[in-house]
Structure formats: C-alpha cells, structure tokens
Amino acid sequence: MDRKVAIAGFRMAAAPDLETTRERLVFELSKGLLDDLGIDRDAVDNFVLCSNDFLDGRTISHVFLGPPAGGYMKDQTKVEMDGLNAFIYASMGIISGQYDVTMVLAMSLTGSQVSPYLYFDYSLDPTYDRQLKLLNELSAAALEARSYLAANGYPEELLDAVAVQNLKNAAANPGQARRIEGVSREKVKGSPYYYEPLRELHCYPPTDGGCAMLLVSERKAEELTDKPVWLLGMGRSTDIYFIGDRDLSTSLSAAQAAQRAYAMAGIKDPAAELGFAEISSPFAHQEPLLAESMGLLEKGKAAAAYEAGDTAVDGGMPLNPSGGPLGGNPLCAAGLIRVAEAARQLRGEAGENQVKKADKALVHGQDGLCAQQSAVVILGT
C-alpha cells in the first residue's frame, strides 16, 4: 500500500437492550470518540455509516443517522450489513489519497427491536427456499454444524468446549452483552436445543450495539494517537448463493478472503505469525470451522486444540479472546466490533483477557447464511 491506514481510536456499546434510539446511539458513540481524541467533527473528512434498511424498518436509513453522527454537510456513504466491509471501504478511501480522516460507524438494535434470527429469511430465494419454509438462520447453521462435525469426525461436545471458552472470555469482558458467571459444559449442555445440534448457548444472543472508529492516514496518526494500530492486509470473497451447491463443512469465502489478506500483509504462515484472531462466529461450530479454513488451526485437529487449551487466552492461538459473537452480536456492528477488540489487544488494553503475544492479529467478518460472504483484515502495531 502506498499510503498507510491507522486506527486512531474507537468507541463500542453492546447490551441486550440499550434502551435508546438509533439516533441517540450514533450520537453518543461519535461524540464520545471525538471527545476521547480531543477533536470535533470539523477534523473528520468523511463518514462511512453501516446499517440495514430491513433492520431499521425504513428505507435509506442512513439519511437519519448522518447528522447525529456529525456528518452533516460532510462526505458520507452507507455500507450495508457487516461493519468490517465498511472498515475496508473506508480504508480504501484513505489509501487512495482522497481522505485523511474517516469515521466508520456501524450499529443496530437487534436485541430490543428486531428478531435477528428471522431477518435472514428475507435473504432466501423467494420462489423456492422461502416457499419451502425449511431454511432460516438457525436451521441453516444447524445443517452447517452437522456437516462440519461429520466431515471431521468431531463429537458434538466440541460445540460445548467452544461455547464455554467464549462465554468465559465474555464474562471477563465488561463490554460484552451476555456475561454469564460460572459457565460450565454442564450449563451449556443443559441449555435448550434451538435446532439440533445447536443449543441456546451455542448461538449468539440478540444484541443492541454499535461501534464508532476513526481511521486516519499516517500523517494524521502522528497527531492523534501514540498507539496507532495499522492495517497490514485485507481481502474479501463471496461463495455461491444457493446453499445446496455449497460444501458446508468448510468456508470457501473465509479461505479466499484470508489468502488475499495474507498476500497483502506478507503473511506466509498465519498460525505462526499471527498472535490471535477475532472471528465473527455467531454459532459455536463456526469458530473452529472458520479458523481451519483460514489456516489458523490444522485441518481435522480443532477438537484436540480446544481440549489442549491452544485456543484459550493464554494458548498458542487465542481465538476470540474478547468472547466473540457468543457474548454479543449486534448485526451490522459485529465485524467492526471485532476490529475494535483486536485493536484493544494490540494496544495492550484488554485487561483480564489480554493475550501474551500480540503484535499481529486477524479479524474476520461475515454476512449471509453460513458465512456466504467473508471479509478478513490483518492488523499490526
């Protein structure tokens, strides 16, 4: 990249019910971030907003979010769905030289105002899949889990191990929406089935939340922060739309997006060169599935890695040390929150969940049923 992009600062919020409006949430995240950095909206060249018209219940929804974000009479763009796509889009504006300072802001109230599990029905083919009424977000994820477990000979207990690790990490993270004290495999196994083999605690909780992040050029980074986190590589990929034509035991989109990000960042051996990963895995089986697809865990060895503690905060390849989406998953904001959590780690500000080796990290975001679309960025100090 001819021009470097840095994360200068960020603000996050997540809860089952934030008891606020979309406009108020956007205002508080933006104003709080600008106050943290000691600047006002005049210092920002460009605003990239990430939301979804279906989730907001109104068309062209960003029209109402720009002014409270501070974007009145500023350049402004909307990106649909996952916030990591908005992060990549905003970074490209800085790399191109068009902007020096861009605020990225993603949010949704999918805990208090929308049922997120029902929303994905609208992404199904209206003439076939939607008419059969067999597929929805949960049943598709259950099919994916069955396919992944069967292809690798993993027991269902792997899902319990992943959930316990993530929920323990989430309990130690004050920013997470679902914080369960004393979580255990027995508690996870005792939670009710949603769609076999997925139980309640294998699935993300409905969450309100948002994230504001300021991206800057190298010149502006020197002015605004003494702890810049740099973008080293990025990649995106989209798999086949019809779920019946896809191999659900792996993720082609994550594998291709990661390879493109590794190539840009000069990463040859991701398992050895990366310190940890924040993965958008709203269901327990997706964390090892995506980690294997992106070369972070050896294919077919994920169950052993979890049992040995390799994926824990103090392990060799910590996965979702923040607690990940099982601790809170506000749609649209989820991927950008993964970026912010990775930046916290790289700045050494992750508290009880701080990993030991943290100079480069992978962040993954997704959209569509069973991660049809994936985005990956590599961050470093």
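A residue is called buried when its relative accessible area is under 20%, exposed when that area is over 50%, and partly exposed in between, using a 1.4 Å probe and protein chains only. Ser249 is buried, because its relative accessible area is 10%. The model here is predicted, so local features need pLDDT of at least 70, side-chain atom pairs count only at pLDDT 80 or more, and totals for chains, interfaces and linings use all residues. Residues are numbered from 1 along each chain as its sequence is written, and side-chain values use heavy atoms, with hydrogens and water left out.

Start with the sheet. Helices (H or I, at least four residues) and strands (E, at least two) are DSSP runs, numbered from the N terminus. Nine strands form an open sheet in the order S3-S2-S4-S7-S1-S8-S11-S10-S9. The pairing is mixed; two strands pair if DSSP finds at least two bridges between them. Strands of a sheet pair through backbone hydrogen bonds, either parallel or antiparallel. Strand S3 (75–80) and strand S9 (276–278) are the edges, and each pairs on one side only. On average, neighbouring strands are turned by 25 degrees against each other, direction ignored.

Now look at single pairs. Strand S1 (residues 5–15) and strand S7 (residues 208–217) run antiparallel, joined by 10 bridges. In this pair Ala6 stands opposite Val216 of S7. S8 and S11 also run antiparallel, with eight bridges. There, Gly235 has Val376 in S11 as its bridge partner. On the S10 side, eight bridges join S10 to S11, again antiparallel. Ala361 faces Leu379 of S11. The hairpin of S10 and S11 has five residues between the strands, and Gly368 takes a positive phi near 85 degrees in it.

S11 is well covered: eight of its eight residues are buried. In a regular strand the side chains alternate between the two faces of the sheet. On one side of S11 lie Gln373, Ala375, Val377 and Leu379, and on the other Ser374, Val376, Ile378 and Gly380.

Helices come next. Helix H1 (residues 22–37) lies across S1, strand S4 (101–109) and S7, at about 140 degrees to S1. Angles run from 0 to 180 degrees between N-to-C directions, and axes are lines fitted to C-alpha atoms, for helices over the stretch in contact. H4 packs on the sheet too, touching several strands, among them S1, S2 (46–51) and S8 (229–238). Its direction makes about 55 degrees with that of S11.

H4 (residues 83–95) also packs on helix H15 (residues 334–346), at an angle of about 70 degrees and with axes 5 Å apart. That makes H4 roughly perpendicular to H15, a label for angles of 65 to 115 degrees. Gly83, Leu84 and Phe87 of H4 meet Gly335, Leu336 and Val339 of H15. Contact here means heavy atoms within 4.5 Å.

Finally, visit the loop between S8 and helix H11 (252–265), the place of Ser249. The side chains of Ser249 and Asp247 form a polar contact of 2.7 Å. A polar contact is a pair of N or O atoms within 3.5 Å; within protein, one must be able to donate a hydrogen and the other to accept it, and residues adjacent in sequence count only if both atoms are side-chain atoms. Beyond its neighbours within four places in sequence, Ser249 touches residues including Ser147, Tyr148 and Lys299.

Ile243 sits in the loop between S8 and H11. Ile243 counts as buried, at 12% relative accessibility. Leu135 is 108 residues away along the chain, yet its C-alpha atom is separated from that of Ile243 by 9.7 Å.

Key. Parallel < 35°, antiparallel > 145°, perpendicular 65-115°, else oblique.
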